[in-house]
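Welcome, and let's take a walk through this model together. We will begin with a few backbone details and then step back to look at a chain as a whole.

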Amino acid sequence: MKTICFYFQVHQPFRLKRYRFFDIGHDHYYFDDYSNRTIMRKVAEKCYLPANQLFLDLIHKMNGAFKISYSISGVAIEQFEKYAPDVMDSFKRLADTGCVEFIAETYAHSLAALKSEEEFAAQVKIQTGLVEKHLGMTPVSFRNTELIYSDAIGEMVANMGYKVMLTEGAKHVLGWKSPNFMYCNAINPRLKVLLKNFRLSDDIAFRFSNKAWEEWPLTADKYIDWLNSSDDKEEVINLFMDYETFGEHQWAETGIFDFMKAFPEMALHSGNYKFMTPSEIADTLTPMSAIHVPYPISWADEERDLTAWLGNELQDEAFKKLYDLEEKVKATGNEQIIKEWRMLQTSDHFYYLCTKWFSDGDVHKYFNPYDSPYSAFINYMNVISDFIIRLNKLQK
Amino acid sequence: MKVLMFGWEFPPHITGGLGTACYGLTRALSSLGVEMIFVVPRLFGDENAPFMRLRNASDIEIATDTEEQKLFWEKMQYIEVNSRIIPYLDPELYSRLFENTLLNTEDIKYRIFSKKFSFSGEYGPNLMEEVSRYAVIASAIALQNNFEVIHSHDWLTYPAGIAAKEVSGKPLVIHVHATEFDRSGENINQNVYDIERKGMLAADRIITVSNLTRKIVIEKYGISEDKVFTVYNGVQTGNFSEPDFTRGVSEKIVTFLGRITYQKGPDYFVEAANLVINKDPNVRFVMAGSGDMLTRMIKRVAKLGIADKFHFTGFLKGADVHRMFAISDVYVMPSVSEPFGISPLEAMTANVPVIISKQSGVSEILNHAIKIDFWDIDEMADSIYGLLHYEGLTTMFKKYGRSEVEQLKWDHAAFRVKEIYESLV
C-alpha cells in the first residue's frame with residue numbers, strides 16, 4: 001500500500017505601499033493596509049474558507065483516514081489575525097480533528113536560511129510560537145520558504161530538532177532516483193527528506209484548468225490511474241502545492257473543488273492508498289538513501305533554483321542592503337524595528353525584482369503589484385533608505 | 001517587386017526621425033530584393049530649377065563605398081522634386097517662412113482630387129496648395145514609371161500617394177509615423193486632419209509605427225481596423241564609441257532632449273525636476289532642444305527658483321548629441337503622445353538609463369526602461385531619484401539596455417512591410 005502525502009503552503013506577504021522618495025525621512029509606515037486587507041478578504045472568500053470547509057468535511061466523512069498538512073507563514077497568520085479571524089478559526093477546527101499536521105517554517109516566509117543561521121532560527125521560533133498559540137500544536141516537521149533546501153540548510157534544520165523536511169523533487173538532484181521514496185539529509189541522516197512529485201503535483205496546481213492540455217479535463221478516476229501506473233515498490237507520493245490552488249489559482253468554476261471532493265474517497269476505496277502527514281511518514285518509512293544537494297534548490301520555475309529571488313543586480317543589491325543591517329537592527333533591541341526588518345525579508349519582495357520573465361510573460365505577473373521589476377526596486381530601496389535613517393537615529 | 005515611395009527627407013539632409021526611418025526601411029527593403037523609386041521634396045534654392053530631377057548614386061552625399069551600399073543604390077531610383085514641403089512644417093509655419101515671396105496665385109489651377117492636372121514651376125501660396133502641387137508632380141511621375149505598389153510616408157505625401165493611385169490604379173500603402181493628434185493634442189488643424197483621413201480612406205493598407213498610433217487611426221479617424229497594421233521601427237546601431245568628453249560639474253545629470261513642444265511634454269519634466277532638486281542638491285537637469293514652448297519653460301524654471309540647477313542648451317545636433325548622452329546619468333522622454341520615439345533608443349545605445357512615458361509607441365517593445373504616465377510627475381521624480389541613488393538599477397540598465405536596442409532591427413520591419421506589399425499584388 002502506498003502513501004499519499006498532501007501538503008499545502010499558505011502564505012500572504014505584507015505588501016509595501018507606493019513609497020516615494022519624498023516620503024524618505026518623513027513617513028515611516030511602509031505597508032499597504034488597503035490592498036493587504038482586500039487581497040486577504042478576497043482569497044479568504046474564494047479559497048481559504050471554502051477549501052478549509054471541504055477538507056474538514058472530507059476528514060469527517062472518511063473517519064480520520066484522510067490526512068493533510070499545512071505550513072502557514074508567520075506573516076500570513078498575522079494577517080489572518082488582523083483581517084480574517086474566521087479563517088484562523090477554521091484552521092483551528094482542522095487542527096482539532098487530529099488528522100491535520102501544521103508544519104514549521106520561517107516567520108516572514110524569508111530567505112534567511114541562505115544568509116544567517118541565527119536569524120533563520122529566530123524566525124522559525126516566532127512562527128512555531130504563532131502556530132502553538134492559534135492551533136494548539138507544536139510543529140515537528142519543517143518546510144523552508146519556497147521549498148528551498150540544501151544539505152547545509154537541512155543540517156541547520158536537524159540541529160533545531162526537526163525530524164523531517166519537505167523539498168522539491170528536482171530532476172537535477174534526483175537524476176535516475178525516484179521522488180516517491182523517503183530520503184535523508186546527507187550531513188545529518190536523522191533528518192528525513194520528503195521530495196515533491198512535481199509532475200503529479202503540478203497536474204493539479206498548474207495544469208488542472210488548462211484547456212490546451214491534452215489531458216484536460218482531469219478527473220479523479222484518471223488521476224488515480226496515473227498514481228496506479230507508478231512502480232509497485234515506490235512508497236510515497238508527495239503532492240505539495242500552494243493552498244491558493246483551490247479557488248484562487250484554479251477558480252471554483254474549473255471544478256477543482258469537485259475534483260478534491262472525489263479524489264480521497266476513490267483513492268481510499270481502491271484499497272491501494274492511505275493518507276499520512278509528513279511526521280507520520282518519517283516515523284513509519286525507512287530512508288532509501290541520503291540525498292545530496294550541495295547547492296540550494298527550490299520549487300520555482302523550470303530551473304528549480306534560487307533565480308526567482310536572487311541573482312540579478314536588483315535582487316542582489318536589495319538583499320545585501322537588507323541583511324547588512326542585521327547586526328545594527330538587533331543591537332537596537334527595538335521590537336518594532338526588528339519586526340519591520342523581518343517583514344522586509346519576505347521573499348515576495350525579491351520575487352517582484354525578477355527579470356527572468358520579460359520573455360515569457362504573464363504567469364508571474366499574478367498578484368504582482370508592480371508594473372516592472374524596476375519600479376518594484378525603486379519602491380523597495382526607498383523604504384530601505386528610510387529604514388536606515390531610522391536605524392541610524394536610534395543608534396545615536 | 002517595385003515600389004513607388006513618397007518620402008520627406010533622406011540622409012544627409014535629416015531634421016528628424018522620419019528621414020532616419022525612411023533610410024533604415026528602404027535599405028532593409030532593398031536587401032530583401034524590393035526595388036524602389038524614392039521621391040522626396042527638396043527646395044532646390046534656385047527659382048529656375050526644373051520641377052524635378054532624377055539623381056543617381058554618385059550624386060547622393062552618402063558614402064557609397066561598401067558592397068551593401070552599392071547593392072542598395074542598384075535597387076533604388078531617387079527622385080527629388082523641387083518643393084517647399086519641408087519636414088515638420090505646419091500650415092502656419094509655412095506662411096511665416098514664405099510670406100515675403102512673390103506668389104502668382106493665378107497660375108495655380110490644379111486641385112488634388114480632380115482629374116485635371118496642369119503644371120507650373122511656381123510654389124504654392126500656402127502649404128495646402130504646395131501639397132497639391134506636389135501631388136500633381138507625383139501623378140506625372142506615376143505615369144512615367146512602372147511599379148506595383150505605392151507607399152506614402154505621413155500626411156504631406158498622402159495626396160501624392162492618392163494622385164499616383166488615381167492615375168496608375170495601383171494599390172496604396174500609407175505609413176503613419178505621426179498623426180495630427182500627436183503633433184497638436186486635441187486642438188488639431190482641420191485641414192491637416194482632413195488630408196490625413198482622405199489618405200487613410202484611399203489607402204489599401206495602413207502601416208502604423210505602434211499599437212498606440214494604430215488605435216488613434218482606428219478610433220479618431222474612423223478607419224476599419226482590418227486594414228491597419230503595426231510595424232515597429234528598427235534602429236540603426238553603428239559602432240558607438242564613448243566620445244572623449246568629460247563633464248564639468250560634479251553633480252549627476254538628468255537630460256531631456258527633443259523638440260520643446262506640447263507633444264514632447266517638457267513642462268512635466270520641469271515640474272519633476274523641481275521635486276527632485278528640492279530633495280536632492282546633488283543633481284542638475286538639462287533641457288536640450290528648441291521649440292515653441294521654450295520661453296515658457298525658461299520662465300517656469302526661473303519662477304520655481306531652480307535656474308542654478310536647470311540648464312537649457314538650445315538645439316543640439318550631431319556630435320553635441322553624443323556628448324550630451326555621454327555626460328547624462330538619466331534620460332527622460334515624458335512625451336504626451338509619441339507614435340514611436342527613437343531618442344530613448346539612442347540614449348540606451350550610449351548606456352544611459354531611460355525613463356519613458358507609457359504614451360509612447362516605443363514603450364510597447366522595451367523591457368529595460370522605466371515606464372511612467374507622462375502626467376505623473378511624482379512617479380517621474382521618484383524614478384529619477386531611484387536611478388541616481390540605487391546603483392543596482394543603473395548596472396542592470398547598462399547590462400541589458402543596449403543589447404535590447406540592438407535586437408530592434410530594420411530587417412524585421414522590412415520583412416513585415418514586404419508581406420504587406422505582397423498581400424496587395
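This is a predicted model: local features need pLDDT of at least 70, side-chain atom pairs count only at pLDDT 80 or more; totals for chains, interfaces and linings use all residues.

The backbone of A:R304 has a phi near 50°, a positive value in a residue other than glycine. Is A:R304 buried or exposed? With 8% relative accessibility, A:R304 counts as buried, because the cut-off for that label is anything under 20%.

Most residues other than glycine have a negative phi, and most peptide bonds are trans. With that in mind, two further spots in chain A deserve a visit.

The first stop is A:E146, whose phi is near 55°, again a positive value in a residue other than glycine. You will find A:E146 in the loop between β4 (141–143) and α5 (151–159) of chain A. The relative accessible area of A:E146 is 13%, so this glutamate is buried too.

The next stop concerns the peptide bond itself. Which residues does a cis peptide bond join? The two partners are A:W216 and A:P217, and omega there is about -5°. As for its setting, A:P217 belongs to the loop between α7 (198–205) and α8 (220–228) of chain A.

Now let's turn to the cysteines. A disulfide is a covalent bond between the sulfur atoms of two cysteines. How many disulfides does the structure hold? Over all chains, the number is 0. Take A:C5 as an example: the closest cysteine sulfur belongs to A:C99 and is 14 Å from the sulfur of A:C5, which is too far for a bond. To count as a disulfide, the two sulfur atoms would have to lie within 2.5 Å. A:C5 is also buried, with a relative accessible area of 0%. Over in chain B, B:C22 is buried as well, at a relative accessible area of 1%.

That brings us to chain B as a whole. Its secondary structure comprises 15 helices and 14 strands. Chain B has 425 residues, and 55% of them count as buried.

Key:
Residues are numbered from 1 along each chain as its sequence is written. Chains are lettered from A and ligands numbered from 1 in the order in which they are written. Side-chain values use heavy atoms; hydrogens and water are left out. Helices (H or I, at least four residues) and strands (E, at least two) are DSSP runs, numbered from the N terminus. Buried means under 20% relative accessible area, exposed over 50%, partly exposed in between (1.4 Å probe, protein chains only).
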